[in-house]
Amino acid sequence: MKTKRNVFLLATASLVLLWVVLELTGRVALAVVMKYPFWKPTDKFYPELVKIQKENISQQDDTFDLLILGGSAVSLEFGLPINKTLDSLLKQTANGQKVRIFNAATPAHTSLDNLNKYRMLGKQRFDLVIYYEAINETRANNIPSQLFSDDYRHVMWYYDLALIKQHPEVNWTVLPFITHKGFNLLVDKLKGKKFLELNTVNPDLVQYGKEIKTGKPYQANIEQLILEARKRSEKLVLMTYALYVPPSVIGNGGYTDYRDFAKCPYPSPLWLWGDPVNVDTGVKAHNAILRKLAAQYGTFFVDMDQLLPRQKDYYCDLCHLTEKGGSEFATLIVQYLSKEQLIPMAVNQ
């Protein structure tokens, strides 16, 4: 009997040790190869929300809380001129009321990411939400139509995001997630399925970006954003997207020709989203959707595409703004917010 007990204990200890070794190996592989956080893999997706989720944000206090959703153009990393001017102008107009700006805008993120993030901030109640993003979606068009997915799972980022949602245990053990992902990728490879990356385009697939396939999912995501804001009684401002595509970027010159842009230290590659002509077509399609939905739902709306001048000294590249451009962008926003009485100054006057 004692021998059987020892064998059982040894077998149990061996299984536990094997699980520990496999778990550590899996976590190291995810961290090194796929850049997942070692201890909490779910933090790979939307870490910019962690601080915001910890804040006490309410419409019932004396603080004016503004949430910014979007991509790199309004992010803290690439849209600092916008953020600095916006913060300064809002504080000037606040008549002593405290103003807090929570910026969840992130490079490469699309309408789907912003909808996901807005839902994840469901416990907070903002006084105002501003949405500005219509270019990153165009990158998803660079794939044959038969491989395109409305939920963007043909982009590896969204493939992994959808998969990790099926594994709520992933922060405790990564093994089921790794096994599931490995099996799916093997099947997809055998089928010859192609995936896009979130931040780059495959030059061999850029030709497919001419067909704008993102219109339907973009409209669905923005519509859900509007309905989510209504459900929370939060004021939402939609904005069309200001894109600058001078003639010099069309054709092969688009890879390197910055002569019609301001001389910024780190401009984005002009083909970062695909052929600039296709990107322009895609942004125009998304802007048309924004105009339609804003009119349909009576949403607060700034037609930035029409308002922001297309001038060399305003743009670092196709969409990122200089100090001058960012200042003008923020000023146009504040002028609209003031006119619509959406900021403290208008309320207190």
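Asp160 is located in helix 5, which spans residues 156–165 (helices, H or I with at least four residues, and strands, E with at least two, are DSSP runs numbered from the N terminus). The model is predicted, so that local features need pLDDT of at least 70 and side-chain atom pairs count only at pLDDT 80 or more, whereas totals for chains, interfaces and linings use all residues. Residues are numbered from 1 along each chain as its sequence is written, and side-chain values use heavy atoms, with hydrogens and water left out.

Asp160 is buried, its relative accessible area being 2% (buried means under 20%, exposed over 50% and partly exposed in between, for a 1.4 Å probe and protein chains only). Residues up to four places away in sequence aside, Asp160 touches Met34, Tyr36, Phe45, Phe177 and Lys181 (contact means heavy atoms within 4.5 Å). With Lys181, the Asp160 side chain makes a side-chain polar contact at 2.6 Å (a pair of N or O atoms within 3.5 Å; within protein, one must be able to donate a hydrogen and the other to accept it, and residues adjacent in sequence count only if both atoms are side-chain atoms).

An open sheet is formed by five strands in the order 2-1-3-4-5, with parallel pairing (two strands pair if DSSP finds at least two bridges between them). Strand 2 (98–103) and strand 5 (300–302) are the edge strands, each pairing on one side only. Strand 4 (residues 235–239) is joined to strand 5 by three bridges, and Leu238 stands opposite Phe301 in strand 5.
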